[in-house]
Amino acid sequence: MNEKQKYIMLDLGGTPLTPWCRFKRVVKRTFRIELFIGLWVTIREMFKTLFMGKSHTTKYPFEKMPIPPRYRAIHDMLRLLESGHYRCIGCGLCEKICISNCIAMETRYDENQRKEVSEYTINFGRCIFCGYCAEVCPELAIVHGARYETASEQRASFSLFEDMLTPIDRLKEQEEFAGYGAPTPWADKNIKKTPLAY
Amino acid sequence: MNPNEVKIKIDGVECVAKEGEYILNIARANGIFIPAICYISRCSPTLACRICLVEADGKRVYACNAKAKDGMDVTTSSEEILEERRAIMGVYDINHPLQCGVCDQSGECELQNYTLELGVDSQNYTIADCKRESTNFSSVLHYDPGLCIVCERCVTICKDMVGDNALSTGPRNGAELDKELKESMPKDAYAMWNKLQKSLIVPSDESGQTNCSDCGECLSVCPVGALVSRDFVYTSNAWELKRVPATCSHCSSGCQIFYETKPTSISDRSDKIYRVTNEWNYVSLCGAGRFGYDFENSGATKDEKQFTKAIKAFKEAKAIRFNSTITNEEAAMLQSLKKELGVKLINPEAKAFQSFLKDFENYRGESLYSGNYKEMMSESNFIISVGSALRHDNPNVRYTFNNIQKLNKGAGLYFHPVGDTLIESLGKNVTPIYHTPGLEEYALYLVLDLFASKDELPKETKNYLESFHKKATKTVQETIMEDVTETVVDEETGESKEVTKKKPKVVEKEVEYVANELASLLGAPEGFGDIFEKMVAKADNFSMVVGEDFYAHPRAENLAKLLAFIEQYTAIKIALIPPKTNSLGVALICDLDEKADGYTIGYNEAGDFRLSALGDGDLDMPALNQQEGTFTNMHKRVVPTNAALSYNGYELNDIMSALGLGEQLSIDWTSKLPTRKGFEALSFDALPNGFTNAGEELRGYMLKQKATKAKAFEVEKPDESYKLEGEIAYRCNPQRQFNDFTNRAHQIFEPFALYVSEAKAQTLGKKVKVEIDDVSLELPVEIDAKMSGDVVKVPDFLSSKEIYPLFNAGRFKQVKISEV
Ligand code: SF4
Ligand code: SF4
Ligand code: SF4
Ligand code: SF4
Ligand code: SF4
Ligand code: FES
């Protein structure tokens, strides 16, 4: 043996040699106290579910769990509550920060001298749902939504701006995002105010 | 150490520099950072930003305009200086809209950078904002005054480099500063703010439009997003763009540019050029370079059928007709075709230049020409332009002419038959001499007369020149003091007595002087002798630029002799302006033929089989933004260019390979350019393409110039029989148009038309018929507001119009114009 390797040999007891010895080891390992505890829990829960109507199982897809705010599923594009205009200003920071380089956008100078986001897309075949885009967005425009059911005939089904944008008729239901990138409750304290004395 | 070198210490670092150099430039050359916003190298300091404040020998000075003195000790920052700089940046941030998120400059914005660099993290000042609305200054310029920090860089570059002087500062009508601030604020910040509150940028023209050359230099120097191209506004963030260092392919200046590319759209992921940028401290572009970038041959594929036909055509061809918008490598391939297959190479414009250059070289006894445009710009203080419509032919020679007036306090003589009010406005020491076409030889004789020391000249020339000096008299007005005797009555005594007093009186007097009939023959302005005296008074470094009018001139050889003569007997350094992008390269690499008959291949030109980078030929070729290779520019430099966009068709090298003459890649020809002509055997990948902080150009390499045996010659007297009178047309493109490729670009709008002065337009209708020899053209009439006189300009940028042959390679022609 190579001197330098310094293997440490474990004492694992003897290897059972005869079939009888092997059988004995199996029985010993199987019938431990944990087996009966497990069986008891199962029977108890079964009893509760069947006779007392107390179940731990969600009846998906008829029933869905609430998604916590920090969960990162398919993105939502939010709108301004007052005007209904989309929040995104086309700054391109999400496009820049995206670690999988899957955001692409087109912007232009529109008739009202504003920057219009004429096209916006996320390639969900590459998105790793890291949340960087939501975190960097200065307008809280792109956020992670709760749409985790991403099975679809086509990936493109939810990758365009319109797909992610809050439908205008459901603007009232748009909720403020509290996950990655949302301002902290104490954000005001960290801001130095600009004097506006005039 | 050189006598006019100085040694100074900046932050303890020893720096050696030329005497009179600004501290800022010395620091930059030595890698020492001094913040500076308003200064542009090669332009005059304006002291608009004051952020370059440093301490020199204990005194506060502005690094951009304080000249180095030997032994100077400079400190670039101290607590006090930093305080001042922070206050300045703070002031710039007041009322600056918080719209970095959409601003085009974000990411490369100097306001962002310096605000961060100087650690401005809170705002101490405030003032009421005023309404500032976006406008378009021209068909390409978009100005958002809300973002403007009034650094005046745009004004400076337009005046000192470009020469249009189309921008100036105008009133902002902002709120008045609180007087108390004067005491409480750092003083430079206060002074800057005070000025800032009063000014914005406006076009110099009252119309609110710049009516300028549309070069876009002002856009490129703008440190913030205030001046942006109308086409580029809000289309891309700077960081999304890939910068491809290249060389502009439109004129012989061969400016370094960066093509900035990004995918066309979400659905089309092929690259598109979004804009062209430049290192504006060292390179100044014109409108063609900046806006004429989308001339690619898109959608070309490897069409095997056409390719086979092309090979057949090449085997059959007797001649190849091409122009000079090709790379050196392609020129070398064509030359190799000539050698191996015996085809003739036809390129009339390069041929004319080649013979002129050859004559000039022979007579002066050195290859190429002595003048160097870069040195001219930095050192010369007297420039003479002959044979070129400077505003159109080569923008960078015009910038040189202008920069000499503005920065070197120089003077300029402009000989040309076509009146140009822009050239006249470049400086008060610019004198235009608008002569009749055909008298170019006289112009050179006048130069000899003005600059050569008469005693050294051969006797014959001396006598000839003296024959023009005529004694003449002129009436001048003079004020003399005259004795006037008056009778005055003494009031007390009542006595009258005579008193003599001196009183000034204006008298007319005849004086004798030597009139120079050469000058009057050329139509020089009244009193040219005195004007010239004033122009030349402070000049000690003379240069001359020679343009295309000379190359196919009927007296071209004598003109070349006269130029060699001028170089021999005066201190003037002469530089030629190659007529097209790579005319110099083609002239050096190819043996061109005069004429050819038989089956002709046209490369971007007419022919029986046409190779075309415009996509309209029999076989597609890559355009110059889709090719790697080199150009030989007017700076006598071999400069590399790179492909910005992909190309999927065949190249010239593929044809060469099929004929058994090719290299593996087009750029393998780079190291095979003829060394006996001054090229070096360097491979393409070994060629750098950049500038150092000191502004030194590290692009490709300079051609080697060689001394040859000078041919003995005698200059001939001018031949007046080529003088053209009557209705005259000049072959000349509008600014920003150079060739089919510039015309293809969507931001170059100048149409193919007859360009005339405003006065001339009054006599013509909207559309005219121009008859040149027995060909007649119908052209719309366009006014060139900066033209004067009666000559009209016929452009030749569309090769399909075949204008070039109509002028027999020359540039002036008698024509008949009638209204349609
Ligand atoms: S979640 Fe991450 S990977 Fe997905 S789009 Fe956003 S930044 Fe890109
Ligand atoms: S970071 Fe936000 S505002 Fe900026 S482009 Fe992305 S979604 Fe729009
Ligand atoms: S437009 Fe730009 S370059 Fe001109 S003064 Fe304003 S900030 Fe400076
Ligand atoms: S485009 Fe050129 S000429 Fe016109 S204002 Fe700008 S710098 Fe001056
Ligand atoms: S056309 Fe000439 S002057 Fe203009 S950018 Fe190109 S090389 Fe420079
Ligand atoms: S750079 Fe010196 S004052 Fe602006």
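Predicted model: local features only at pLDDT ≥ 70, side-chain atom pairs only at ≥ 80, totals over all residues.
Local features are taken only where pLDDT is at least 70 and side-chain atom pairs only at pLDDT 80 or more, while totals for chains, interfaces and linings use all residues, and side-chain values rest on heavy atoms, with hydrogens and water left out. Residues are numbered from 1 along each chain as its sequence is written, with chains lettered from A and ligands numbered from 1 in the order in which they are written.

**Domains**

- Chain A is divided into domain 1 (19–51) and domain 2 (75–183), with bounds that come from an automatic or database domain assignment.
- The C-alpha centres of domain 1 of chain A and domain 2 of chain A are 51 Å apart.
- For chain B the assignment gives domain 1 (304–347 + 590–702), domain 2 (356–464 + 521–576) and domain 3 (724–819).
- Between domain 2 of chain B and domain 3 of chain B the centres, taken over C-alpha atoms, are separated by 26 Å.
- The contact between these two domains takes 22 residues from domain 2 of chain B and 22 residues from domain 3 of chain B, where contact means heavy atoms within 4.5 Å.

- In helix H6 (residues 187–196) of chain B, the residues Asp188(B), Ala189(B), Tyr190(B), Met192(B), Trp193(B) and Leu196(B) are buried, that is, under 20% relative accessible area, with exposed meaning over 50% and partly exposed in between (1.4 Å probe, protein chains only).
- The cover over the buried residues of H6(B) includes strand S3 (53–56), strand S4 (59–62), helix H2 (79–93), helix H5 (181–184) and strand S9 (199–203) of chain B.
- Gln112(B) has its place in helix H3 (residues 110–117) of chain B, and Gln112(B) and Met89(B) are 23 residues apart in sequence and 9.6 Å apart in space, C-alpha to C-alpha.

**Ligand shells**

- Ligand 1 is surrounded by 14 residues, of which the closest are Cys98(A), Ser100(A), Cys127(A), Cys130(A) and Cys133(A); a residue is near a molecule or strand if one of its heavy atoms lies within 4 Å of it.
- The shell around ligand 1 divides into 10 nonpolar, four polar and no charged residues, where Ala, Val, Leu, Ile, Met, Phe, Trp, Tyr, Cys and Pro count as nonpolar, Asp, Glu, Lys and Arg as charged, and the others, Gly among them, as polar.
- Around ligand 4 stand residues of chain B including Cys158(B), Asp164(B), Leu167(B), Cys212(B), Asp214(B), Cys215(B) and Cys218(B), and this shell divides into eight nonpolar, two polar and two charged residues.

**Strand pairing in chain B**

- Both faces of strand S25 (residues 609–612) of chain B are covered, with Phe609(B) and Leu611(B) buried on one side and Arg610(B) and Ser612(B) buried on the other.
- Strand S24 (residues 600–603) of chain B pairs with S25(B) in the parallel sense over three bridges, pairing being counted if DSSP finds at least two bridges between two strands.
- Leu611(B) is the bridge partner of Tyr603(B) and stands opposite Leu619(B) in S26(B).
- Six bridges join strand S34 (residues 767–772) of chain B to the antiparallel strand S35(B), and the two form a hairpin with two residues between them, where Asp773(B) in the turn has a positive phi of about 50°.
- An open sheet is formed by three strands in the order S27-S28-S31 (chain B), with antiparallel pairing.
- Strand S27 (629–632) and strand S31 (701–702) of chain B stand at the edges, each with a single partner strand, so one side of each has no neighbour in the sheet.

How values were computed. Helix = DSSP H or I, 4+ residues; strand = E, 2+ residues; numbered from the N terminus.
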